[in-house]
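Here are my notes on the model, as numbered points. Have the sequence open while you read.

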Amino acid sequence: MMNIVKKLTLTLALSALTVAVYGQQDFGVKWGATSEEQTENVKKWNFYKDAYNNKDYDQALELLEELIEGAPAGTQNLYIYGANIYKDRILKATSVADKNAHVEKLMELYDLRAQHFGDDAERGTAYILSLKADDYAIYRPMDRDNVIRYYSQAVDAAGDGGEPDFLIRYFNELTNDYKVDLVETDDYMAAYDKLDAVLSLPANQGGSHKNTLEALLISVLPDCATIESVYADRLQNNPDDVELMEKTVGLLARNKCDSDFFGEVGDRLYAVKPTAALAINLADYYDKKGQSARSLEYLNAAIANETDPENKLNLAIRISGSELSDGNARTAASFARQAIDINPESGLAYFFLAQAYAVGANQCRDFDRQAAFWIVYDTLSRAKSLLGNDNTVGDIDSMLARYRASFPSQEEGFFRGLSSGQSYTVNCGWVSGTTTVRFSR
């Protein structure tokens with residue numbers, strides 16, 4: 001009886017409003033085909049808002065059904081309010097059946113909203129479907145098929161414009177399913193590739209989402225052997241896929257994997273897409289394998305492709321040290337000088353240059369050898385002044401003392417007409433330069 005009275009009261013109120021407030025106006029075809037229908041539906045919309053704001057959800061849902069029937073494209077708020085009402089119903093449901101029924105109605109509202117407002121510039125189909133997916137994951141988390149299906153639909157709708165946080169939520173759900181064998185490896189990796197491509201776009205760079213995506217991947221590919229097994233199969237089917245090779249090498253490098261598989265894929269990738277970063281990774285790989293000549297090849301390639309001065313400086317110093325270890329003192333000196341040209345304040349560059357000069361000096365004989373140690377000493381002294389308290393290279397004072405002991409004696413200097421402090425030009429093979437005469441004793 002009360003419900004009949006309530007409806008009668010609403011009908012009378014609507015009739016009164018029609019005459020007193022709205023009259024015969026044109027509210028647009030989104031509210032109805034005729035001006036009468038438009039006026040009626042706009043009035044219902046206002047009563048719907050009032051019922052919603054007063055939390056009279058029973059009345060609001062009745063009006064919602066009528067508005068969906070008569071003016072489904074009237075306003076997007078029609079569905080926003082309705083979604084909030086059904087969320088309230090879901091939280092207050094007293095049985096699983098009731099809860100599931102409310103969830104289904106909520107999903108229907110999202111579909112209707114996407115149907116009528118999918119072309120909205122800011123809150124169109126992709127946005128609406130992302131809300132649908134998130135809500136379904138919250139309210140029906142055990143229905144894994146539909147959780148993933150709704151997320152996939154939203155991601156597909158967004159294309160390259162996917163919202164990064166949402167993409168991560170989707171991949172997190174997918175990763176959880178992959179861990180319990182609900183998702184095939186090929187499907188999981190295809191989703192990773194798709195999301196990685198979106199998160200790699202310039203508009204999405206600078207955030208942590210790409211790192212989070214990779215962290216989720218690594219959580220299910222926890223070691224080098226697992227990574228290799230997954231990517232080896234993929235590369236076998238797509239051996240010339242440059243992007244796939246890049247992902248494979250990048251993932252293996254970040255996990256410090258140094259198997260033969262890394263070297264094989266890295267070599268193939270470098271042949272078609274050489275970069276300084278890849279050359280460095282391959283140089284490290286071959287260095288660990290004890291193949292110093294191959295490592296140096298890649299280091300030289302890296303420095304040739306490098307444009308950043310700081311990186312180029314570090315590479316030149318590293319190559320100098322490697323060449324020195326391989327007994328190529330003259331080449332080591334050349335790279336040390338390159339480093340000094342880039343940064344004249346590099347103590348390490350002077351240190352390696354001094355060590356290279358020492359090897360070169362020992363290749364000369366008699367007085368030429370002794371005089372060359374003046375150059376060695378000068379260079380190492382410069383290194384010491386620039387390195388300061390940095391003792392990572394060893395005891396420089398002890399080295400200086402040894403080099404000083406190799407200077408010519410005063411007797412040798414007297415015999416050659418040389419006196420302490422005068423200028424002298426050293427010519428000892430490739431070790432040369434102008435320095436100052438000093439004696440060992």
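This is a predicted model: local features need pLDDT of at least 70, side-chain atom pairs count only at pLDDT 80 or more; totals for chains, interfaces and linings use all residues.

Is Cys224 buried, partly exposed or exposed? Cys224 counts as partly exposed, at 29% relative accessibility (buried is under 20% relative accessible area, exposed over 50%, partly exposed in between, with a 1.4 Å probe and protein chains only).

1. Residues are numbered from 1 along each chain as its sequence is written, and side-chain values use heavy atoms, with hydrogens and water left out.

2. Cys224 is in a disulfide with Cys257, S to S 2.0 Å (the rule is a pair of cysteine sulfur atoms within 2.5 Å). Cys224 sits in helix α11 and Cys257 in the loop between α12 and α13, so the bond ties together parts 33 residues apart in sequence. Cys257 is buried, at 4% relative accessibility.

3. The other link to look at is Cys364 to Cys428, with S to S 1.8 Å. The torsion about its S-S bond is about 115°, so this disulfide is right-handed. Cys364 counts as buried at 16% relative accessibility, and Cys428 is buried with a relative accessible area of 1%.

4. Cys428 also has a bridge partner in β2, namely Val431. Strands β1 and β2 run antiparallel, joined by six bridges (pairing takes at least two DSSP bridges; strands are DSSP E runs of at least two residues, helices H or I runs of at least four, numbered from the N terminus).
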